[in-house]
Amino acid sequence: MSHCYGSLLRTATRKVASIYDEALAPLGINIAQYSLLRIIERCQPVNFTELGRIAELDRSTVGRNVRVLERVGLVEMGRGEDDHREATVTLADRGTHVLGTARPIWEECQRQIEKQLGPVKIIALQDILHSL
């Protein structure tokens, strides 16, 4: 019997994301938003093109996701220093606060998944995912 790897990975991704999403929901963010906020935190100010490259998302997807974060007050938009036509994004004070609150929640989710899979499967999962 042949299994579709795409379907298996999508199912696994949904299951794992739901662990993080449920835990982060009280903060008003999901795991995708948390991940994007972490990248912004590390690289700020960062333009959409660079943010997309780092997050491995196309620029239009980054733009939509950043605008959602801006609407809820987690990030602020600005203009590039060298090219004023280029939009940049930085964390707003509220974004910094939410990230600080979310970090231990994320760490607990990590521990939960590690406990559920065990050390051998975690290492194997990391090896598999890094090879893709």
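Predicted model: local features only at pLDDT ≥ 70, side-chain atom pairs only at ≥ 80, totals over all residues.
If you want to click through the lining, go to Ala-32, Gln-33, Ser-35, Leu-36, Ile-39, Ala-55, Leu-57 and Asn-65. Helix 2 is the main contributor to that lining, giving five residues.

Let me zoom out for a moment. We have five helices and three strands here, and going along the sequence you read α-α-β-α-α-β-β-α. Along the principal axes, the C-alpha atoms fill a box of roughly 55 × 30 × 20 Å. There are 132 residues in the protein, and 30% of them count as buried.

Now, the largest pocket. That one has a volume of about 1400 Å³. Its lining takes in 29 residues, and the ones nearest the centre are Val-16, Tyr-20, Gln-110, Leu-125 and Leu-129. Which elements give two or more residues to this lining? They are helix 1, which is 5-24, then helix 2, helix 3 at 48-55, and helix 5. Helix 5 gives the most, with 14 residues. By class, the lining of the largest pocket splits into 18 nonpolar, six polar and five charged residues.

How many aromatic pairs do we count? One. The partners are Tyr-34 and Trp-106, and they're stacked, with 6.1 Å from centre to centre and 25 degrees between the planes. "Stacked" here needs the planes to be under 30 degrees apart. This pair links distant parts of the chain, since Tyr-34 is in helix 2, residues 31-43, Trp-106 is in helix 5, residues 93-131, and 72 residues separate them.

Is Tyr-34 buried or exposed? Its relative accessible area is 2%, so Tyr-34 is buried. Trp-106 has 24% relative accessibility, which means it counts as partly exposed. The cut-off behind those two calls is that buried means under 20%.

Stay on Trp-106 a second, please. Arg-38 has its charged end over the Trp-106 ring, 5.8 Å from the ring centre. And Arg-38 is also part of a network of salt bridges, together with Glu-41 and Arg-103.

That brings me to the salt bridges, and there are four by our count. I'll go through three of them one at a time.

Take Glu-41 with Arg-103: the closest N and O atoms are 2.8 Å apart. Why does this bridge tie together parts that are 62 residues apart in sequence? Because Glu-41 lies in helix 2 and Arg-103 lies in helix 5. Both ends are partly exposed, with Glu-41 at 27% relative accessibility and Arg-103 at 25%.

Next up is Arg-53 with Glu-50, where the closest N and O atoms are 2.5 Å apart. Those residues sit three apart in helix 3, so about one helical turn separates them. Arg-53 counts as exposed, because its relative accessibility is 55%, while Glu-50 is partly exposed at 30%.

Then there's the bridge between the side chains of Glu-108 and Arg-111, at 3.0 Å from N to O. Here too the spacing is about one turn: the two are three residues apart, both in helix 5. Glu-108 is partly exposed, with a relative accessible area of 42%, and Arg-111 is partly exposed as well, at 44%.

Conventions. Residues numbered from 1 in each chain as written. Heavy atoms only, no water. Phe/Tyr/Trp six-rings, centres within 6.5 Å; stacked < 30°, edge-to-face > 60°. Helix = DSSP H or I, 4+ residues; strand = E, 2+ residues; numbered from the N terminus. Buried < 20%, exposed > 50% of the residue type's maximum accessible area, 1.4 Å probe, protein only. Lys NZ or Arg CZ within 6 Å of the ring centre and 35° of its normal. 1 Å grid on protein atoms, 1.4 Å probe; cavity = no way out; pocket = protein on both sides within 12 Å on 5 of 7 lines; lining within 4 Å. Points joined across faces, edges and corners; volume = space filled by probe spheres on them. Nonpolar A, V, L, I, M, F, W, Y, C, P; charged D, E, K, R; others polar.
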